[in-house]
Amino acid sequence: MRSRKNFAAAGLMTLLITGLLTNTAAAIPMQADEASARAVSTYAVALEYGHVGSFQGLCGMSVNSTLMVLGINNTYIVANGNQEWNIYSGKATSSGGYEIRTYNAREYTLKTALEAIDQSDNAVNLMVCFDRSPSLKGATYGHVFFIHAVIDGTVYYTESFATTWNGEKVPEGELIAVAIEDLCNYYIAYTFEGIVQFIDHTYDDDPILSERYPFTDIYESWQAESVAFCYENGLLSGETDSAFHPDGTMTRAMAVQALYNLEKMYGAPEAGAADTVERESAAVSGIAWNLDASAWYAEAMRNVLSQGIIPPAESIDFEPNAVITREALLSMLYQYCCSLGCPKADLAAGNLNSFSDADQISPAAREAFAWAIWSGVINGTDEGLLLPNAELTRAECAVILSRCAQAIARLAES
C-alpha cells in the first residue's frame, strides 16, 4: 500500500480538483449546504496552493488561486483586482475549458446581474470585478472576489479580508451568505466593472450521470455527485445493480468496508514493525472473539483493527449490522486521517459551542467533530445542530466520505 510520502505522486490534488470541488450538474442545482462547504474548503485549499496563511486582502491572488484549485484555469494568472475584467472579458473559454459568460457594467448593475444569474440554470462560479476606486481605502488597484453560488436570492462567497455584517466581524476566508441586495449595499462605494461567469458543461445532461454510475434512484438528489464520486472510486457500491438506495441505512460493517476502501485509495498509515505485529495480533483476536472470519467485511475489519482505527476492545461489541451514527463514522475517519499525519484537532477551531446539541457529543468524539467542522466534512443543520447520535443514510455517508477525501487531498499538499 502507498504511504503518506507518495500521496502527491498518487495524484490526489488532481482528484480534488476534478472530482470534488467542480461544478455540480446543471440538472441538479447546488444546494445551500453544498455551496457553503465548497466556499470554505476551496478557500482553505487556495491558501495552501499559494503557500500562505492569509491572503491579507490580496484579492487577485485569492481569486486566481481559487480558479486554479477548481480547475477553471490550468495556469496561474498574475493580476490585481482591476486587471481581472480585462483579462477574461474578451475570452470565450478559460484555460481549464470553462465557457466564459460576462455581465458588463454597460448593461447591468451588480444587482441586476446577480438577479439575472440567480434566475438561470447555472448560478455558480462567478468572479465579481470592480475598477480602481482611489477614494476607497485599499481599493487603489480595484477589487475582485469569487462567488460560489447564488441560490434563491442568497449569495455564497468568501472575501480576502475581514468584513463586518450586522455588527459581527467575519474573518477572511469564512463563509459569507447574504441576500443580493445586502451584498450590493456593502459594495456600493466600489466601481462595478462586471461579472465573469465560468460555466462547466461537463455535467449538463442527466445521461452523463448515468455513464458515471448505474443507479436510477439518485439522479435528482443533491447528493448525486458525492454518490458518483464514491462509486467511481470504489468507496461504496449499490445495494443492487441499478439501485443505490440513498435513504437506506448504513451499517457499521458497511462503514468499515468503506473506510478500508478509502485506505486502498490513499494508502495505509505508516507504522513500525513491532507496532504492526502487535496490532495485527489484536486484530486476529478481535475477529476471533466477536466476528465471523468468513464475513464479507472480515478483511476490512481486520485492517482497521490492525491500524488502530478501531480499538480491539470495541470489536468485542462491534455489532456489524447496527446502523452507524454520525459520531461513530466521524470518529473512525478522524482516527484514519490522524494516522496519515493530519494534525490533532483544535477544539476551538471547530467552534463546537456554536451548535446547540454539542453537549450530546461524547467526550472522546469532540476532537473528531472539531476536525470535521474545521475541514468542511460536516457543516451542521440549518437549525444549528450536529446530530451526533443520528443514524446515517447511505447518501449522507457518501457525502461525508467524499468530503473526507477532500480533507485528505489538502493534507497531501501540505
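1. The crossing of helices α9 and α13 is right-handed. In this predicted model, helix α9 spans residues 252-266 and helix α13 spans residues 326-339, and the two pack at an angle of about 25° with their axes 11 Å apart. They are therefore roughly parallel to each other, given that angles under 35 degrees count as such.

2. The residues that make this contact can be listed for both sides. From α9 come R252, A255, V256, L259, L262, E263 and Y266, and these meet A328, L329, M332, L333 and Y336 of α13. By class, the contact of α9 with α13 comprises ten nonpolar residues, two charged residues and no polar ones. An α-helix has 3.6 residues a turn, so residues three or four places apart point the same way.

3. Helix α9 also packs against helix α11 (residues 298-306), at an angle of about 65° and with the axes 9 Å apart. That makes α9 roughly perpendicular to α11. Here α9 passes α11 in a left-handed crossing. On the α9 side the contact involves V256, Q257, L259, Y260 and E263, while α11 supplies E299, A300, M301, N303 and V304. Six of the residues in the contact of α9 with α11 are nonpolar, two are polar and two are charged.

4. Turning to the sheet, six strands form an open arrangement in the order β1-β8-β2-β3-β4-β7, with antiparallel pairing. Strands β1 (99-104) and β7 (176-179) stand at the edges and have a single partner strand each, so one side of each is left without a neighbour in the sheet. From one strand to the next, the twist averages 30°.

5. Within the sheet, strand β3 (residues 143-151) runs antiparallel to strand β4 (residues 154-157), and four bridges join the two. The bridge partner of V150 in β4 is V155.

6. Two helices lie across strands of the sheet. Helix α3 (residues 59-69) lies across β2 (124-131), β3 and β8 (191-199), and runs at about 45° to β3. Helix α5 (residues 110-118) lies across β1, β2, β3, β4 and β8, running at about 20° to β8.

7. Where does E159 lie? E159 is located in the loop between β4 and β5 (163-165). With a relative accessibility of 1%, E159 counts as buried, the cut-off being under 20%. When neighbours within four places in sequence are left aside, the contacts of E159 are Y43, H143, F145, E172, G173, I176 and Y187. E159 and C59 are 100 residues apart in sequence, yet their C-alpha atoms are 7.8 Å apart in space.

8. Helix α15 (residues 366-374) has A368, F369, A370, W371, A372 and I373 as its buried residues. G376 follows α15 and has a positive phi, near 85°.

9. For the protein overall, the secondary structure comes to 16 helices and eight strands. Of its 414 residues, 53% count as buried. Among contacts in the protein with a separation of 6 or more, 68% are accounted for by residues 24 or more positions apart.

How values were computed. Residues are numbered from 1 along each chain as its sequence is written. This is a predicted model: local features need pLDDT of at least 70, side-chain atom pairs count only at pLDDT 80 or more; totals for chains, interfaces and linings use all residues. Side-chain values use heavy atoms; hydrogens and water are left out. Buried means under 20% relative accessible area, exposed over 50%, partly exposed in between (1.4 Å probe, protein chains only). Two strands pair if DSSP finds at least two bridges between them. Axes are lines fitted to C-alpha atoms, for helices over the stretch in contact, and angles run from 0 to 180 degrees between N-to-C directions. Contact means heavy atoms within 4.5 Å. Angles under 35 degrees count as roughly parallel, over 145 as roughly antiparallel, 65 to 115 as roughly perpendicular and the rest as oblique. A crossing is left-handed if the near helix is turned anticlockwise from the far one by less than a right angle, and right-handed if clockwise. Ala, Val, Leu, Ile, Met, Phe, Trp, Tyr, Cys and Pro count as nonpolar, Asp, Glu, Lys and Arg as charged, and the others, Gly among them, as polar.
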